[in-house]
Amino acid sequence: MVRRDAVAEYVRGSLWALPTVVAVVALVAGMVLSLLPSEANSPFDFQGTADDARSLLIGISSTMVTVIALLLGLAVVALQLSSTQFSPRLLRNFLRDRPNQLVLSVFVGTFVYSAAGLFTVGVTAGSRTENYPRLAVSVAIVLLFVSLALLVYFADHLAHSIQVDRIMRVAESATLEVIPTDTAVAPPPPPWAVLVPALRSGYVQTVDAAHLAARAARAGLAGVSLVQGTGEHVVAGTPLATVWTATGDGAGPAPAEAARVVDACVRMGWERTFEQDPGLGVRQLVDIACKALSPGINDPYTAVQATEHLGVVFSALAATPDGDRVARSGDTVVVVPQRTFAEHLSLGCGLIRRYGAAEPTVAQALLRMLGVCARLGTVEHLAAVAEEAALIVAQAQRADMLAADLAEVQASAAELGDLLEGRVVAVSSSSARR
């Protein structure tokens, strides 16, 4: 299961997989169409001679090679721009962009279809012939026009995809999709629990908790609790999980066998993925803000925009109670730790706060983001919001900021403080009425 998921994820972010499939389909379609009877009096069949058809196919093939080279060149420029100006962790988003893969696939399929047709059109057993699959040549013309339309579409799509607003929106949407909503309070491991090491190094990409619970139950384990959650880096030989039996009498599997059970359901990779890791999207948005605040760029408005997108993500995180992913199989429990809201908030606010300490608009944007979290979040997260707000004000006071600018930041902080106090009073009143 884990290996199938790894292959599927690799194919999803690969530029060669879909074009290869389309190229094979184009070859099969060409073979089928070449077997169909065709006549020059049909309105759908190519009306020229065999030499005309060969010249047409040669022209389409050479044109497709040039256009494919242009398309790949533009894609490389977009990748380079996104990695240097925004964040190198955004490359994965561009590689997974399905429209880019589809356009490249159609161009490759058109080239393969046209080039393969040169083996049959106008030639039979090494000799020239006037009999050839006219309908197949007509399809090549259709593919040429489709490729032309897709070339215009690709230029428009690429221009929009490298806009910073679109990049941040993609990161925000991908993060919202993987925020866990079924978290629960996990039972603590018993005193006789033992640590099992990781068998390989890399980032924890996904954990098949249900499958792991079933395998652990068959192995005689009563529980498995991962030490590292998704998105964390693990070194081979260091603790990956804690396992325990029901009684602690030593009747369970050996640590080496337990390590193999855990390894079979935990996918490790050399990079982080979005599948179960909302922290990756937070990191991407924070990277964009920090790049914008660097001395070589000096673009605080982009940092403010990144903070506003972080506000959407953090409001969703704030509305979700802290907890871990818990899966069960009979009496066996599996716990996959999740980052708390305070940990996510510390990452999102800390770097931006330190890099943008001297810019009041950035500090005010962070305080507005915290205000959204205070309004939409649960009560248990208000303390984390208040702590980050205090750090933002303290950082602004230490920065080289004019008194008027500092006063604006302090006014925004005061509004947030009133909001937090109002939330606490409302909750206290509600509890008293009950």
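Which helices each supply at least two residues of the lining of the largest cavity? They are α3 (50–86), α4 (91–95), α5 (98–117) and α6 (134–161). The model is a predicted one, and the count of cavities of 30 Å³ or more comes to 2. The points below cover these cavities, an aromatic pair and the cysteines.

**Largest cavity**

- The largest cavity holds about 130 Å³ of space.
- Its lining consists of L15, L71, L72, A75, A78, L79, F94, L95, N100, L104, F154 and L158.
- Helix α3 gives the largest share of this lining, with 5 residues.
- By class, the lining of the largest cavity has 11 nonpolar residues, 1 polar residue and no charged residue.

**Second largest cavity**

- About 50 Å³ of space lies in the second largest cavity.
- The residues that line the second largest cavity are R353, G356, A357, V362, A363, L366, I392, Q395 and A396.
- Two or more of these lining residues come from each of α13 (360–376) and α14 (382–398).
- The lining of the second largest cavity divides into 6 nonpolar, 2 polar and 1 charged residues.

**Aromatic pair**

- The structure contains 1 aromatic pair.
- The pair is formed by F314 and F341, whose ring centres are 6.5 Å apart.
- Because the ring planes of F314 and F341 stand at 90 degrees, and planes over 60 degrees apart count as edge-to-face, the pair is edge-to-face.
- F314 belongs to helix α11 (residues 300–318) and F341 to helix α12 (residues 341–355), so the pair links distant parts of the chain, 27 residues apart.
- F314 has 0% relative accessibility and therefore counts as buried.
- F341 is also buried, since its relative accessible area is 2%, and the cut-off for buried is under 20%.

**Cysteines**

- A disulfide is a covalent bond between the sulfur atoms of two cysteines.
- The number of disulfides in the structure is 0.
- For C349, the closest cysteine sulfur is that of C373, at 7.6 Å, which is too far for a bond; a disulfide requires the two sulfur atoms to be within 2.5 Å.
- C349 counts as buried because its relative accessibility is 0%.
- C265 likewise has 0% relative accessibility and so counts as buried.

How values were computed:
Residues are numbered from 1 along each chain as its sequence is written. This is a predicted model: local features need pLDDT of at least 70, side-chain atom pairs count only at pLDDT 80 or more; totals for chains, interfaces and linings use all residues. Side-chain values use heavy atoms; hydrogens and water are left out. On a 1 Å grid over the protein atoms alone, a cavity is a set of points where a 1.4 Å probe fits but cannot get out, and a pocket is an open set with protein on both sides within 12 Å along at least five of seven lines; lining residues have an atom within 4 Å of a point. Grid points are joined across faces, edges and corners, and a volume is the space filled by probe spheres set on the points. Helices (H or I, at least four residues) and strands (E, at least two) are DSSP runs, numbered from the N terminus. Ala, Val, Leu, Ile, Met, Phe, Trp, Tyr, Cys and Pro count as nonpolar, Asp, Glu, Lys and Arg as charged, and the others, Gly among them, as polar. Rings of Phe, Tyr and Trp (its six-membered ring) pair if their centres lie within 6.5 Å; planes under 30 degrees apart count as stacked, over 60 as edge-to-face and the rest as tilted. Buried means under 20% relative accessible area, exposed over 50%, partly exposed in between (1.4 Å probe, protein chains only).
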